[in-house]
Amino acid sequence: MDTDQTRRMFLGQAGASLGLLWLGSLTPDLLAQAHAYAQAAGQSATKTYRFFTPQQAADFDAFSAQILPTDETPGAREANVVHFTDYVLSTIDRDQQADMRDAFKSLQEQVAKTVPGATSFAAITPAQQIEVMKAIEAMQDAGAFGLLRGFTLTGFLCDPALGGNKDKVGWKLIGFQDDFYYKPPFGYYDAHYDEGKS
Amino acid sequence: MSGVTPPQRHYKLTDAVDFVIIGAGASGGVLARELSRNGFSVVVLEQGPWLTTKDFTHDEYMNWNHALLTNDYRKQPTTFRKTPKDKAKKRPALVYGRMVGGGPVHFTANYWRFHEIDFIEAGKKGTIAGTGFADWPITYADLEPYYTKAEWDLGVSGQAGVSPFDPPRSKPYPLPPMPIKSSGVLFEQGARKLGYHPFPAPVAILSQSYQGRMPCAHCGFCMGFGCEMGAKSSPLPTMIPQAIATGRCEIRPNSYVRKIELDTHGRATGAIYFDKSGKENLQRARAVIVAANGSETPRLLLLSKSNRFPDGLANSSGLVGKYLMFNTDSLAGGLFEHPLNEYKSIEVTRIMHDFYEIDPKHGFYGGGGIDARFLWYPIQFSFNGLPPRLPQWGSEYKKALQKYFTRSMYVVGHTTSLPLEDNSISLDDTVKDAWGLPAMRVTYKDHPDDLKTNQFMRDRSMEILEATGAQDKWAYPVQESTFGFHLLGTCRMGKDPKTSVVNSDHRTHDVPNLFLCDGSSFVTSGRGQPTETIQALAFRASDRITALAKQNQI
């Protein structure tokens with residue numbers, strides 16, 4: 001149902017050229033390799049990127065840190081959102097690359113409009129960044145904002161095997177446990193359930 | 001369960017088996033087991049892979065965005081338009097299970113029988129102008145033994161006799177209901193305050209060990225995920241191994257059928273399919289059963305054009321692909337003071353059927369069921385789970401995620417869709433899939449009464465949330481459907497070859513040894529949980545087809 005929205009955000013623009021490339025590409029074995037790569041990339045001390053330019057990485061880092069700021073609790077930076085996004089865009093989400101490049105272009109254009117003479121989103125002040133984000137969020141076609149926000153949220157709350165949600169900081173924040181086995185009661189209301197009285 | 005494909009009977013392509021079944025899902029799995037147990041030789045061609053429990057993962061991104069268990073739009077693009085006058089645009093338009101076991105591998109496992117009214121509603125209430133609203137050629141009584149068989153052979157948990165709206169049943173559920181969750185408690189309290197009749201949700205998930213299978217571990221990953229415990233009663237841990245065990249059934253995964261072959265007498269001779277390497281094969285058979293779901297079944301018929309059937313196989317009525325019904329879903333959310341921790345255990349533990357038939361005095365046709373649940377996993381919750389009045393990014397948004405992931409629940413209405421001839425599956429003019437076949441084109445626009453029904457259920461859901469004492473509640477907007485996950489009605493069943501595609505034995509009116517059995521056979525949409533009816537139809541079709549074969553009438 002409303003998950004359609006999520007799907008569309010990531011899949012709606014899937015490119016026609018990929019065609020046969022995807023046949024049989026997502027076997028469990030390949031997935032396991034992808035997870036291993038992501039973990040290695042996430043743990044690497046030297047920040048090298050496979051999709052992002054250094055400038056895009058810096059801009060996305062600043063953008064995602066406004067979506068999920070580091071305050072009294074961890075945010076996008078602690079979750080390794082930039083590395084997650086770089087990883088998926090260079091592997092399983094190559095079909096999103098063009099949209100992501102367009103999103104950075106829209107972001108850069110808005111930076112130039114809002115702060116004439118500024119060189120990049122990462123280089124302007126936090127208040128200016130928020131102004132730029134509100135402007136692209138309010139655009140008729142908010143696809144750029146949606147895509148950048150979408151990858152931020154996904155990198156924050158994804159399975160850590162994909163390289164984001166480092167040390168499960170996202171899951172810990174929202175109170176999600178990833179155990180495979182629970183016993184009732186699960187929550188406050190079922191713990192206080194009295195069938196006869198309800 | 002071991003990840004190794006179990007040893008099974010292998011047939012040669014040139015062996016004309018008794019039945020080739022296209023699709024190893026909700027209905028195909030049932031047909032495979034029943035027909036092979038009844039002594040017939042069976043080859044099942046399944047376009048998706050043969051995964052096992054060890055292949056399943058809780059990885060939300062891979063399951064939901066990378067189609068581990070479902071059709072992949074990158075290989076199989078779909079196009080969508082609202083009406084036949086519009087130009088269809090390429091985008092995800094529907095989802096279905098694409099693997100051995102089919103949709104029930106990833107379904108939420110809500111397992112509702114249709115009620116008596118679902119089969120005879122048009123006759124009782126009158127037809128509706130501009131729609132194909134009609135009665136089924138079979139009744140609830142015809143299907144009742146097969147509903148019971150589905151529940152007992154697959155393993156369903158529930159409590160019979162507590163809903164005053166339940167249809168008659170010959171046996172209780174084989175397993176007691178699943179433990180109630182906080183959403184179920186709150187819903188039950190709220191609904192009872194309003195005079196409604198909530199009851200334990202029937203689900204195709206094991207509350208206790210059953211037939212050698214483990215019970216549910218309450219891990220919380222049902223909708224969109226395969227069950228690592230094998231506790232979800234899909235065909236994968238049930239019908240499929242039982243069919244293999246007969247020694248007469250071969251399941252052939254990664255086999256994508258592109259055409260059903262006919263001989264000069266107009267009888268089906270087998271199915272042409274691409275194997276995993278892309279090589280084309282023809283599996284010969286004495287009869288063909290298409291159980292490929294309500295979208296792929298009509299698409300395959302439309303692809304199987306011939307001189308005899310220039311508009312698509314078995315399409316003399318012109319109705320193949322028409323009368324597509326999605327069901328609609330209404331959605332309202334509530335936030336609560338204490339943690340519900342709804343991410344644990346199965347999705348739904350309480351439902352109600354008080355509005356199964358909405359009083360016609362409201363001025364529209366419709367009805368449905370309502371349930372309480374948590375609808376999201378962590379990523380989806382961050383996208384869709386919070387009320388729109390809250391900030392959607394920044395520190396306040398983060399605080400809302402932190403507070404409400406464990407403190408929210410949703411009330412969901414599942415409703416009727418009227419059959420409309422324009423709503424359809426057809427072949428796209430330009431877009432092709434990765435095998436070079438015309439892509440599936442979806443045309444869909446809800447009938448105004450469907451949207452009114454949706455609004456009605458939403459309003460009732462908001463009242464129930466109010467009665468639960470939610471701190472905050474909000475309704476998601478009523479929108480026209482643009483995406484389908486219940487695929488129904490596209491090769492409808494009926495007595496008249498001019499107004500239906502299959503008869504009540506699921507035999508096509510046009511080709512004597514071609515049968516269609518899945519959601520495409522539906523005449524009406526029911527109230528939003530079609531799987532049990534799809535499977536009951538498959539059990540019944542198996543008996544009918546067996547009888548016909550034994551009488552030499554196929």
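**Close-up views of a predicted model**

**View 1. Strands β11 and β12 of chain B pair in an antiparallel fashion.** In this predicted model, 4 bridges join β11 (residues 348-352) to β12 (residues 368-373) in chain B. Across the pair, B:Arg350 stands opposite B:Ala372 of β12(B).

**View 2. The β11-β12 pair belongs to an open sheet of 6 strands in chain B.** The order is β5-β11-β12-β13-β10-β16, with antiparallel pairing. At the edges stand β5 (199-200) and β16 (472-475) of chain B. Each has a single partner strand, so one side of each is left without a neighbour in the sheet.

**View 3. Two domains of chain B touch each other.** The domain assignment gives domain 1 as 1-107 + 112-155 + 234-319 + 491-554. Domain 2 is 163-226 + 328-415 + 446-480. Their C-alpha centres lie 29 Å apart. Domain 1 gives 31 residues to the contact and domain 2 gives 30. On the domain 1 side, α2 (60-65), α3 (103-106), α4 (116-125) and α5 (140-155) of chain B each supply at least two residues. The largest share, 8 residues, comes from α5(B). This side has 15 nonpolar, 10 polar and 6 charged residues.

**View 4. Chain A meets chain B.** Each chain brings 57 residues to the contact. Elements of chain A that give two or more residues include α2 (28-43), α3 (54-67) and α7 (143-157). The largest share of the chain A side, 8 residues, comes from α1(A). By class, the chain A side has 32 nonpolar, 14 polar and 11 charged residues.

Technical notes: Residues are numbered from 1 along each chain as its sequence is written. Chains are lettered from A and ligands numbered from 1 in the order in which they are written. This is a predicted model: local features need pLDDT of at least 70, side-chain atom pairs count only at pLDDT 80 or more; totals for chains, interfaces and linings use all residues. Two strands pair if DSSP finds at least two bridges between them. Two residues are in contact if their C-beta atoms, placed from the backbone, lie within 7 Å. Ala, Val, Leu, Ile, Met, Phe, Trp, Tyr, Cys and Pro count as nonpolar, Asp, Glu, Lys and Arg as charged, and the others, Gly among them, as polar. Domain bounds come from an automatic or database domain assignment.
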